[in-house]
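Here are my notes for you to read with the model open. Take the points in order and look up each part as you go.

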Amino acid sequence: MTRYLLKRIFYMILTLFIVATITFFLMKLMPGSPYANEAKMTPTQLEIMNKQYGLNKPIWEQYLIYIGGMLHGDFGTSFQYSNQPVSSLISARLGVSVQLGLQALIFGVVVGVFVGAIAAMKQGTWADSTATVFAIIGKSVPNFVLAVILQYYIGLKLGWFPIAGWGSFSQTILPTLALSVGPLAETARFIRTSMVDTLSSDYIELGKAKGLSRTEVIRKHAMRNSMIPLVTLIGPYAVALMTGSMVIENIFNIPGIGEQFVKSILTNDYPTIMGVTMVYCVGLVVILLITDIIYGLIDPRIRLTEKEA
Amino acid sequence: MPEKILDVKNLQIDFNTYAGEVKAIRDVSFHLNKGETLAIVGESGSGKSVTTRSIIGLLAKNANVVGGEINFHGENLLEASEKDMQNIRGNEISMIFQDPMTSLDPTMKIGQQIAEPLIKHKGASKKEAWAKALEMMKAVGIPDADKRINQYPHQFSGGMRQRIVIAIALICEPEILLADEPTTALDVTVQAEILDLMKDLQKRIKTSIIFITHDLGVVAGMADRVAVMYAGEILEYGTVDDIFFDPQHPYTWGLINSMPTLDSDTLESIPGTPPDLLDPPKGDPFAPRNKYAMKIDIERKPPFFKVSDTHYAATWLLAPGAPKVEPPLEIQRRWKKYALMKKDHELVSEN
Amino acid sequence: MNEEDLKLSPDAFEPLTKDEREDSEKIAGPSLSFGQNVWIRFKQRKAAVISAIIIILMMVIAFGSTPFINNSTLVKSHPQYANLPPKIPGFGAINGLNGKLKQNGQWVDAYAQNNVPKDKYFIAGTDYLGRPLGQRIIYGTKISLIVALVAAFFDLTIGVLYGVISGWKGGGVDNVMQRIIEIISSVPNLIIAVLMLVVLKPGITSIIIAIAISSWTTMARQVRAETLSLKNEEYVLAARSLGESSSKIAWKHLIPNLSSIIIIQTMYTIPSAIFFEAFLSFIGIGISAPQTSLGVLLNEGQKNFQFLPYQMWIPAIVLCILMIAFNLLGDGLRDAFDPRGQR
């Protein structure tokens with residue numbers, strides 16, 4: 001297990017290093033200058049600015065400085081907000097995005113499991129059909145479309161929840177809903193298939209042959225076995241939530257890193273773009289590692305294979 | 001007269017498939033005596049599994065019981081409520097499935113899986129049930145049982161898992177054990193061990209067994225009586241000796257003839273394939289593959305003709321006026337042996 | 001059981017000839033090939049069949065419109081017709097489809113207000129420059145479908161090839177190829193696209209490049225896993241031990257057996273690619289003027305949603321129909337190929 005973990009962590013670091021390198025050189029190819037008011041600047045001013053941002057040094061040196069800085073959590077200085085380090089820009093906003101993402105994940109998965117399990121148990125009935133239709137719609141309707149609709153009809157017209165901003169819990173409700181629809185629909189579909197599959201397996205048959213009732217078989221044998229593989233979906237969910245947050249935070253005017261990322265893209269603030277990209281990658285890689293570990297902990301079959309490996 | 005513990009009469013089961021209605025079980029009747037082992041032999045698709053599953057009410061969703069009755073303790077199981085069936089399953093009638101690799105819950109400790117029926121049916125506490133489970137594990141021959149009771153299925157070999165499945169089936173000491181090809185998925189050496197174990201446990205807890213197999217070789221050492229099934233019907237039934245040494249139906253001849261023997265170096269087979277049960281034949285279902293088939297075989301379904309008090313066969317060859325045919329050499333050899341056995345038997349009983 | 005006293009005429013016991021026996025052995029139902037079975041099961045899924053028809057219709061309309069709706073017609077603006085709601089001939093009684101717009105709680109005829117000639121109809125309304133929204137939506141749908149086809153193309157080429165090679169070669173090659181996929185998929189797809197679009201100039205070409213880089217990894221993973229297990233199937237082992245060439249084995253044994261997972265995965269890549277484009281255009285870095293796309297239209301419509309809801313609703317509905325249709329088609333094909341576990 002320890003050897004496996006060390007190997008995984010080594011590959012993780014290697015991956016992040018490669019991603020950082022590629023991002024760095026990509027950003028160097030970026031057209032346009034980082035300074036918004038470049039036209040008004042004199043050559044001397046430009047030189048001072050370049051010196052300040054370290055852009056007068058040869059590319060390889062800039063690269064070494066960048067990688068070296070990153071190891072200390074330093075992503076350079078934002079172009080958009082002068083003198084503000086990217087790292088503090090991100091850390092001020094990270095908590096907001098993490099909270100929104102976690103809320104959406106928990107809500108989506110819990111409701112999704114519930115809906116999917118009911119659909120599987122009532123296979124072929126109206127409950128199943130309804131759940132299936134909603135899951136398809138939830139999977140198909142883009143979250144930003146849903147966000148605008150929720151914001152207008154539930155926020156503005158009905159006035160149930162605030163339409164934008166961040167601070168109180170009620171302000172988190174609409175964005176959480178909009179963001180959770182994807183994972184919710186996906187979970188419901190996944191659990192339904194997984195459950196239907198499990199319900200047709202031999203050990204469920206043996207459970208019935210033991211004399212367990214349908215609900216006992218489901219509670220004791222089917223539920224856990226159909227839910228374990230759900231762990232593998234957490235990685236894809238993280239991706240969906242990260243990208244989803246970019247547009248949802250924008251629509252609801254939430255000060256998270258997704259909103260910052262879009263702003264940075266539109267203003268060519270490349271130290272921030274690189275910084276946020278790296279934060280997303282680190283987040284994703286760590287989440288993938290954690291889900292693998294969790295999977296090993298809850299599925300007895302995997303525990304052994306890893307011990308042997 | 002032995003006591004009938006289970007009596008199946010005129011069972012008919014259809015399956016709804018998108019190709020049409022498959023008539024999987026067509027008028028099957030048999031009974032099980034107390035304490036005996038009845039083997040139901042047939043090739044895959046002959047309906048032997050469906051028959052046993054109907055006994056504990058675990059048919060697939062698209063199965064449809066068209067008619068018949070299954071009597072157990074004066075109750076027709078086909079009409080019993082789901083609640084009643086739950087009380088019977090795993091308690092009075094247990095079942096062992098074919099593939100031990102998939103019949104255990106991969107994420108539950110085996111101790112709990114074995115203890116489950118006891119908790120459900122006998123209201124045992126968790127502690128009592130685990131103690132009994134440990135006892136059962138020892139009884140089915142699992143070494144280090146007290147340690148392994150906390151392990152998960154994947155930590156056991158196929159043979160060990162089948163022992164666990166047997167422990168689960170027998171922990172409530174059921175009156176009937178339905179064993180659906182319990183050794184098919186196992187290595188030959190392990191097969192023998194499992195069969196010995198089943199015989200041993202049968203004696204200890206006095207259960208009756210319906211043993212389903214496609215392997216006649218397994219039947220000889222295991223069963224008291226044998227029913228031969230083909231295309232959803234029983235074609236011949238009798239004691240082991242009746243079936244092995246005095247077979248009457250050409251299909252039984254074919255089955256016996258295709259068993260490997262020590263002194264023949266060719267392996268016979270039955271040509272052709274079983275009939276399509278979407279549109280079952282109206283006569284003897286085996287007729288198309290039967291080289292002894294007669295005109296009447298495809299026109300009318302043969303009734304059971306009595307061979308002896310214990311032995312019946314559904315073939316027109318036994319009808320009065322039917323021509324005498326020459327069965328395969330192996331069968332003729334067995335008939336001769338049977339005649340000798342009978343003579344010996346008569347001599348013994350005269351003395 | 002009961003020995004009946006059967007009186008049978010002696011000719012009943014006539015032996016049957018081989019032919020007579022075989023005659024009665026004829027199989028009632030014709031046996032069906034795998035493809036026929038898939039087709040039968042697919043046809044039973046009404047939702048999938050309807051989705052397929054909708055997709056074909058949308059393709060015909062979107063691609064057939066090219067002579068009439070293109071970059072030059074898209075730029076023509078008619079300020080005098082700006083922001084007109086939908087008006088469809090024959091729908092005079094239905095508010096919202098008759099050229100009337102809700103202003104301060106009252107339905108007002110926007111066409112009359114702007115002095116639009118009586119015989120002028122914009123069935124999907126117009127945008128802030130007076131450009132017919134219907135045309136723009138059809139064009140946007142075409143962009144979505146192009147993106148869908150491009151994603152499917154990369155899935156079927158890079159994805160399948162990568163997966164087959166990785167799975168078939170195994171060992172070190174597989175290891176390196178899997179590491180590369182791991183690196184690509186440790187950056188969310190859309191972030192890759194965003195980075196590409198930041199570096200390249202926004203537009204359909206950049207989106208296609210972004211898709212080429214990131215969309216095929218799921219396909220490659222699935223094909224690899226399937227290839228790995230197929231490689232050890234007995235019939236493939238048999239072909240290998242008989243000395244058949246790798247390419248022949250791939251063509252004769254692998255591709256046919258991979259076909260169902262390839263088709264299903266392609267059907268799932270398509271809606272995510274459509275989402276991909278809509279998302280990028282919505283945040284303002286995807287398709288740019290004079291071209292338009294459903295994402296661009298949604299972005300424009302969102303700004304005026306409170307007052308001119310049709311400007312967002314109509315492209316949103318078209319986008320959702322497209323996504324739902326592809327998802328349902330994918331589900332239908334999955335169930336048709338793999339009947340296990342389904343009802």
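1. Start with how helix directions are compared. Axes are lines fitted to C-alpha atoms, for helices over the stretch in contact, and angles run from 0 to 180 degrees between N-to-C directions. Helices (H or I, at least four residues) and strands (E, at least two) are DSSP runs, numbered from the N terminus. One caution before the details: this is a predicted model, where local features need pLDDT of at least 70, side-chain atom pairs count only at pLDDT 80 or more, and totals for chains, interfaces and linings use all residues. As for labels, residues are numbered from 1 along each chain as its sequence is written, while chains are lettered from A and ligands numbered from 1 in the order in which they are written.

2. Now try those axes on a pair in chain B. Helix 3 (residues 110-122) of chain B packs against helix 6 (residues 158-170) of chain B at an angle of about 30°, and their axes are 7 Å apart. Angles under 35 degrees count as roughly parallel, over 145 as roughly antiparallel, 65 to 115 as roughly perpendicular and the rest as oblique; helix 3 of chain B and helix 6 of chain B are therefore roughly parallel to each other.

3. Which residues of these two helices meet? From helix 3 of chain B come B:Ile110, B:Gln113, B:Ile114 and B:Pro117, and from helix 6 of chain B come B:Ile164, B:Ala167 and B:Ile168. Contact here means that the C-beta atoms of two residues, placed from the backbone, lie within 7 Å. Sorted by class, this helix contact has six nonpolar, one polar and no charged residues. (Ala, Val, Leu, Ile, Met, Phe, Trp, Tyr, Cys and Pro count as nonpolar, Asp, Glu, Lys and Arg as charged, and the others, Gly among them, as polar.)

4. Step back to the whole of chain B, with its 12 helices and 12 strands. Its radius of gyration (taken over C-alpha atoms) is 21 Å. The C-alpha trace of chain B spans about 70 × 50 × 40 Å along its principal axes.

5. Chain B is split into domain 1 (4-223) and domain 2 (228-350), with bounds from an automatic or database domain assignment. Between their centres, taken over C-alpha atoms, there are 28 Å. Where they touch, 23 residues of domain 1 of chain B are in contact with 17 residues of domain 2 of chain B. Strand 2 of chain B gives the most to the domain 1 side, with nine residues. That side has 12 nonpolar, six polar and five charged residues.

6. Next, look between chains: the contact takes 38 residues from chain A and 33 residues from chain C. Elements giving two or more residues to the chain A side include helix 1 (2-28) and helix 12 (270-298) of chain A. The chain A side divides into 26 nonpolar, 10 polar and two charged residues.

7. Finish with one residue, C:Ile138, in helix 6 (residues 133-169) of chain C. Is C:Ile138 buried or exposed? A residue is buried if 20 or more other C-beta atoms lie within 10 Å of its own, exposed if 12 or fewer, and partly exposed in between. C:Ile138 has 21, so it is buried. Leaving aside neighbours within four places in sequence, C:Ile138 is in contact with C:Ile61, C:Ala62, C:Ser65 and C:Ile69.

Terms used. The radius of gyration is taken over C-alpha atoms; the globule rule is 2.2 Å times the number of residues to the power 0.38.
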